[in-house]
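Please look over the charged side chains in this model with me. Keep the sequence and the 3D view side by side as you read.

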Amino acid sequence: MKRKIVKIHEDRCNGCGLCVDACHEGALEIINGKAVLLSDVYCDGLGDCLPNCPVDAIEIIEREAEEFDKELVERRMEERKQKKETHSFGCPGQRAKEIAHKKVEVKEEIVLNSELRQWPVQLKLVSPMAPYFNGSHVLVAADCTAYAYANIHNDFMKGKITLIGCPKLDDADYSEKLTEILKHNDIKSLTVLRMEVPCCSGIVNAVKKAIINSGKLIPWGYKVISTDGSLLDA
């Protein structure tokens, strides 16, 4: 039969998993870092997932598809509920795991100083006109990097203005605030620090978009932190 059904543009999908959480029928899953429609029978074509996609990777189209099966959906949702009790099934960034580190012997106490140079640090809260921005080097870091990477102060924050945020949890378009910061200030460089999980790519994309929208040529780059706290090659 010909009916409405979701179509996922894999080239746009960043694997954030927000569509998986939004779908009431459990029709979507993150597989190999991309959202996938598991079966036509699970999708009712109403498009609850569309507003939750931050990169416009989903649309409703009309094509030949198997009929929506409410009974199969109810069965799948029950299986999903049982699975959720033991581990996360959607975004790779939500999967539960334990991390073991080697114990390091410290012979004497080392006192570390904070390298934070301004307040506030939350990207949503800072003013684009704050005087500390002009002539500065800026670090844009995903929230979790500060907890995953032990030496973030010395290796990344030192000598920089630090801005933090979470592209998955914050209901905001970071690129708009970043564009204003870049337009109104002489920013010397931008460094982005993100986690390895797919949804964290949103913070990198926001910086790219802001640089383009500002119309300025600003040196920038990004580094990736693994969930076990290692610095990976970007």
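The points below walk through salt bridges in this predicted model.

1. Start with the count. The structure holds five salt bridges. Three of them are taken up here, including the one between arginine 63 and aspartate 40.

2. Find arginine 63 and aspartate 40. Their closest N and O atoms are 2.9 Å apart. Arginine 63 sits in strand S4, which covers residues 58-64. Aspartate 40 is in the loop between strand S3 (34-37) and S4. The two residues are 23 residues apart, and the pair links distant parts of the chain.

3. Arginine 63 has a relative accessible area of 28%, and is partly exposed.

4. Move on to aspartate 173 and lysine 209. Their side chains meet in a salt bridge, at 3.9 Å from N to O. Aspartate 173 lies in the loop between strand S6 (161-165) and helix H5 (174-184). Lysine 209 belongs to helix H6, residues 201-214. The pair therefore ties together parts that are 36 residues apart in sequence.

5. Check the accessibility of this second pair. Aspartate 173 is partly exposed, at 36% relative accessibility. Lysine 209 is partly exposed too, with a relative accessible area of 42%.

6. Finish with lysine 188 and aspartate 186. Their side chains form a salt bridge at 2.9 Å, N to O. Lysine 188 counts as partly exposed at 40% relative accessibility. Aspartate 186 is also partly exposed, at 39%.

Definitions and conventions: Residues numbered from 1 in each chain as written. Predicted model: local features only at pLDDT ≥ 70, side-chain atom pairs only at ≥ 80, totals over all residues. Heavy atoms only, no water. Salt bridge = Lys/Arg side-chain N within 4 Å of Asp/Glu carboxyl O. Helix = DSSP H or I, 4+ residues; strand = E, 2+ residues; numbered from the N terminus. Buried < 20%, exposed > 50% of the residue type's maximum accessible area, 1.4 Å probe, protein only.
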